[in-house]
Amino acid sequence: MRLPSIIRRVPPSWFAVLYCLSLSACSDSPIEPDMTPEQPDPWIEVLGQTVRARAVHAFAADDVFVLGVNGHISRFDGQQWTLVDALGGWGMRGIWGSSPDNVIMVGFKGRVARFDGTSWTDENSRSEAFLWDVWGSGPSNIYAVGDDGAILRYDGSGWKSEDSGVSANLRGVHGTDDGHVYAVGAGGTVLLRTPGAGWETVHEDASAMLQDVWAASSDWAIAVGDDGPSGRLILQRANGIWTTSSSAPGFSLQSVDGNSDDDVLAVGIGGAWRWNGQGWTEEFSGGALVDVHFTDDGATVYQIERNTTSIEVGGTRTPWNNGIGDTGVAAIVGFGDDDVMLVSASAAHLRFDGQSFSVLQNPRIRTRHAWGNADGSRVFLVGQGNQVHRLENGVQSEFHTVQSTSGLNTVWGVDSELFVGGDDGWVAHFDGATWTDTQLPTTFHGPFIGAIDGSAPDDVYALSRDTIFRFDGDEWTIFHELGDDYFLDNLLVVGPNEIYAEGSFEFGQAGLFLDVNYFNGTSWTRPVRNSSYSIADLARAPDGSVVGVGIRFFSDPSGFIMRGRQTQWAFEGLELGLGFGIEDVWVSDSGRTWLCTNENVWRSSAP
């Protein structure tokens with residue numbers, strides 16, 4: 001168990017200089033581990049980067065696809081979201097479909113992928129352009145637009161490039177069933193393709209940036225974006241003439257869609273605006289909306305900000321966490337190789353069944369840590385605020401309010417008992433029937449409980465900044481004190497005679513050292529101490545050994561994994577582009593290791 005990264009102390013880069021100046025002054029010399037090379041392809045990217053949902057396409061209120069820029073798709077069936085394997089890959093931007101078994105997404109370097117109702121397959125677009133949007137009038141007439149005036153068309157047999165006649169970056173495309181297609185982009189560019197003819201420029205404005213377009217007929221369309229410092233911009237075409245329909249202070253409009261020429265919605269940063277045939281009115285304010293889509297059954301689907309999709313039916317708008325957010329994975333709670341829960345900091349939680357992810361709603365707290373019972377039927381979550389939450393049968397509810405005034409940092413349990421640690425030195429103990437809250441005498445420098453772990457209900461340990469406490473089933477007492485120079489982060493209890501406490505040791509002007517403290521039942525030793533590594537978390541392996549993951553301060557973005565026990569440890573490099581975001585590690589009963597950063601989830605390819 002480890003201190004959540006939201007309150008962990010991470011040494012800044014200038015500690016490297018201090019360390020070099022005075023390493024020789026250390027009386028307890030650092031033990032610099034030998035770093036063996038990483039083995040070929042030992043890790044599988046399970047989830048992929050979870051940064052920013054970008055687009056939405058809805059066939060009905062109970063059949064919605066949301067695209068993340070990473071290429072992952074979250075699909076809604078009216079009750080829950082499922083994360084669909086969509087090949088992955090950074091820089092996906094647009095999504096459209098003629099039916100649920102014919103969905104297209106486009107993005108970076110001309111990438112086009114198609115969903116056939118079961119799986120996704122890459123297609124050869126014959127383009128290297130960054131593609132921003134895609135639309136079609138049917139399965140054999142699809143257009144994609146992108147940078148440098150790129151326009152691609154799928155005619156049922158393959159993708160072919162069309163001459164746009166411009167070099168502007170194009171951002172949006174939409175058309176009508178009779179063959180009139182509009183494309184918009186930088187410089188206020190509006191292109192029109194008419195049946196039997198090529199593309200022609202019908203509007204330009206050097207100060208404008210158009211993001212999207214929607215066409216009701218061959219001669220009625222609306223384009224949205226911004227006109228630079230002036231604010232949001234809406235252009236409207238009627239009778240062959242483009243006019244400024246609305247321009248107002250504020251941020252850029254990002255998307256537009258409609259039911260008819262008297263029912264159109266434009267959305268962007270700050271809210272949504274509706275056209276009723278006569279003028280524009282504010283539909284609602286707030287949020288940073290990136291996409292909007294009407295469905296044939298009358299529902300309106302908004303992609304709000306980065307992880308929330310709002311579905312409006314009959315005037316009632318319901319927000320849903322879609323599982324594609326940028327809030328990161330805070331913890332891994334594993335029950336087996338085919339049952340792993342990824343706990344989100346504030347977006348939806350994800351649960352892996354060995355093949356795919358389902359999405360569990362998390363509408364309540366900014367989660368810092370979680371723990372689940374052995375069969376996975378209950379998961380307990382703590383975080384910002386002083387409430388313990390219980391997730392049971394997919395429903396998250398409040399379970400207990402601790403007297404801590406600021407927040408809760410860690411949770412651990414055994415059998416029917418549960419232990420929670422929070423700010424101001426508070427620990428809470430649930431004995432299966434009642435809760436008892438106790439405030440421990442933490443130091444001024446570390447008035448919080450950062451980690452709790454144990455081997456039995458009467459052998460539980462809690463750590464603050466420099467002190468380890470023990471619960472014997474009746475009361476808490478000070479078990480070990482390390483001194484003001486310590487910043488303890490992680491605690492792992494294998495048994496009463498095998499305890500590991502890890503953190504940072506500040507040695508004068510030498511800066512901070514990684515410090516692993518090991519208790520053998522009689523005394524404490526330090527088997528590992530060095531200046532270039534920081535451990536994010538420790539976990540037990542099924543063979544009794546300990547696994548730790550972390551980063552190398554001065555060789556970012558590489559990380560490391562260490563394995564060992566007691567005084568014998570081996571280190572191996574992790575070249576996963578981890579940066580400073582490693583959050584948690586868990587080892588299954590088969591020996592497969594899972595680790596998460598604040599954006600990615602990885603699993604070892606073999607035990």
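Reader: Are phenylalanine 59 and phenylalanine 65 buried or exposed?
Author: In this predicted model, phenylalanine 59 and phenylalanine 65 are both buried.

Reader: And how many degrees are there between the planes of that aromatic pair?
Author: There are 85° between the planes of phenylalanine 59 and phenylalanine 65, and 5.9 Å centre to centre, an edge-to-face arrangement.

Reader: What about phenylalanine 479 and phenylalanine 519, and why is that pair edge-to-face?
Author: Planes over 60 degrees apart count as edge-to-face. The planes of phenylalanine 479 and phenylalanine 519 stand at 80°, with the ring centres 5.2 Å apart, so the pair is edge-to-face.

Reader: Where in the chain are these two?
Author: Phenylalanine 479 belongs to strand 44 (residues 476–481) and phenylalanine 519 to strand 47 (residues 512–519); the pair links distant parts of the chain, 40 residues apart.

Reader: Is phenylalanine 479 buried, partly exposed or exposed?
Author: Phenylalanine 479 is partly exposed, at a relative accessible area of 28%, whereas phenylalanine 519 is buried, at 8%.

Reader: Changing topic: in what order do the strands of the open sheet run?
Author: The order is 7-8-9-10, with antiparallel pairing among the 4 strands.

Reader: Which strands stand at the edges?
Author: Strand 7 (92–99) and strand 10 (120–123) do; each has a single partner strand, so one side of each lacks a neighbour in the sheet.

Reader: How many bridges join strand 9 to strand 10?
Author: The two strands are joined by 4 bridges. Valine 112, for instance, has glutamate 123 in strand 10 as its bridge partner.

Reader: Finally, where is confidence lowest?
Author: Confidence is lowest in helix 1 (residues 15–22), with a mean pLDDT of 30, and highest in strand 13 (residues 151–154), at 98.

Terms used
Residues numbered from 1 in each chain as written. Predicted model: local features only at pLDDT ≥ 70, side-chain atom pairs only at ≥ 80, totals over all residues. Heavy atoms only, no water. pLDDT = per-residue confidence, 0-100. Pairing = 2+ DSSP bridges. Phe/Tyr/Trp six-rings, centres within 6.5 Å; stacked < 30°, edge-to-face > 60°. Buried < 20%, exposed > 50% of the residue type's maximum accessible area, 1.4 Å probe, protein only.
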